[in-house]
Amino acid sequence: MAILVIIIATLYVYHRIPFKFDYMGYTEKIWAHRVNSLEKLNYTQKHYAGIELDVVYDLKTNTFDVNHPPAKSIGLTLDTYFSSLNEKNNIGIWLDFKNLNEENEQESLIKLKELIKKHELIPQYMIVESQSPEYLFGFKQEGFKTSFYLPSSLNRLSNEELIAKVLEIKTKIKNYPTNAISTNSVDYSIIAKHFPNEKKYLWNIDGLYNTRIFKNFFLNRKVLKDPKVEVLLVRVTRGIGNR
């Protein structure tokens, strides 16, 4: 019983330590999830190898809004966000592009290239993710890393439904190749089995440690050891700036 208490206490403390320490030798894979405010950015860029943020492109104003719908926008543009980066090319940036479509594909690419040039960023350090891989080709051609955001909760499907969904995903990957695929780590065992050769960007919003569910620790360990997994996003909760 005493040993169990010590383990829980240790995990609880580690859960609150900024991840500059060497987490099983995979620190560079640990990125911060949903960094959608300047307050959170100011903290995470000091302690994590990379950051993930959500963007919505407005065709009328030709701007990227840093926001995760249905949350209300706070008027934070990607231009302003990039201006707040300290060491611009020493941190990975993952853009979860929420509304990439046929209508805004070209204009949003032009705008992103403009921002990259203005803020002296390097496309190869940036991931552009979308649930519509058919519109990511141009971004990939321009040197950005691209990722196909897979359908969620594959683990909840029946075997028959899963087989059909996997075939659907494989068809999209073949027709619209991206640099990687991305999904919640709860589906890791499924994608590792059915897409063993694809590079993977994953997230675990429970964080690296979970004092309530020990299996979370072992899942993260397994995920991080996989050479095909290049990024694992983890939740970062701050006193302010959580959006």
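Colleague: Which residue in the hairpin of β2 and β3 takes a positive phi?
Modeller: That's Asn62, with a phi near 55 degrees. The hairpin has 4 residues between the strands. Keep in mind that this is a predicted model.

Colleague: And how do β2 and β3 pair, parallel or antiparallel?
Modeller: Antiparallel, over 4 bridges, with β3 covering residues 63-66. Asp58 stands opposite Thr63 in that pairing.

Colleague: How does the chain get from β1 to β2?
Modeller: Through helix α2, residues 38-47, in a β-α-β crossover that is right-handed. β1 (residues 30-33) and β2 then pair in the parallel sense over 2 bridges. Ala32 has Ile51 in β2 as its bridge partner.

Colleague: How many bridges are there between β2 and β4?
Modeller: 6, and the pairing is parallel; β4 is residues 92-97. Gly50 stands opposite Gly92 there.

Colleague: Switching to α4. What is its reach from first C-alpha to last?
Modeller: It reaches 20 Å with 14 residues, 105-118, and that is close to the 20 Å expected at 1.5 Å a residue.

Colleague: Which residues of α4 are buried?
Modeller: Glu105, Ser108, Leu109, Lys111, Leu112, Leu115 and Ile116. They sit on the same side of α4, because they cover an arc of only 165 degrees around the axis. As a general point, an α-helix has 3.6 residues a turn, so residues three or four places apart point the same way.

Colleague: What do those buried residues pack against?
Modeller: Quite a list: β2, β3, β4 and β5 (126-130) among the strands, plus the helices α3 (78-83) and α5 (137-141).

Colleague: And which exposed residues are on the face turned away?
Modeller: Ile110, Lys117 and Lys118. After α4 comes Glu120, which has a positive phi, near 55 degrees.

Colleague: New topic: Ser147. Where is it?
Modeller: In strand β6, residues 145-149.

Colleague: Why does Ser147 count as buried?
Modeller: Its relative accessible area is 0%, and buried means under 20%, so Ser147 falls in that class.

Colleague: Which side chain does the Ser147 side chain make a polar contact with?
Modeller: The side chain of Ser182, at 2.9 Å.

Colleague: What else does Ser147 touch?
Modeller: Leaving out residues up to four places away in sequence, its contacts include Ile127, Val128, Glu129 and Ser130, along with Leu136, Thr178, Ala180, Ile181 and Tyr201. Ser182 belongs to that set too.

Methods: Residues are numbered from 1 along each chain as its sequence is written. This is a predicted model: local features need pLDDT of at least 70, side-chain atom pairs count only at pLDDT 80 or more; totals for chains, interfaces and linings use all residues. Side-chain values use heavy atoms; hydrogens and water are left out. Buried means under 20% relative accessible area, exposed over 50%, partly exposed in between (1.4 Å probe, protein chains only). A polar contact is a pair of N or O atoms within 3.5 Å; within protein, one must be able to donate a hydrogen and the other to accept it, and residues adjacent in sequence count only if both atoms are side-chain atoms. Contact means heavy atoms within 4.5 Å. Two strands pair if DSSP finds at least two bridges between them. A crossover is right-handed if, with the strands pointing away from the viewer, the path from the first strand over the helix to the second runs clockwise. The expected span of a helix is 1.5 Å times one less than its number of residues. The arc is that of the directions from the helix axis to the C-beta atoms.
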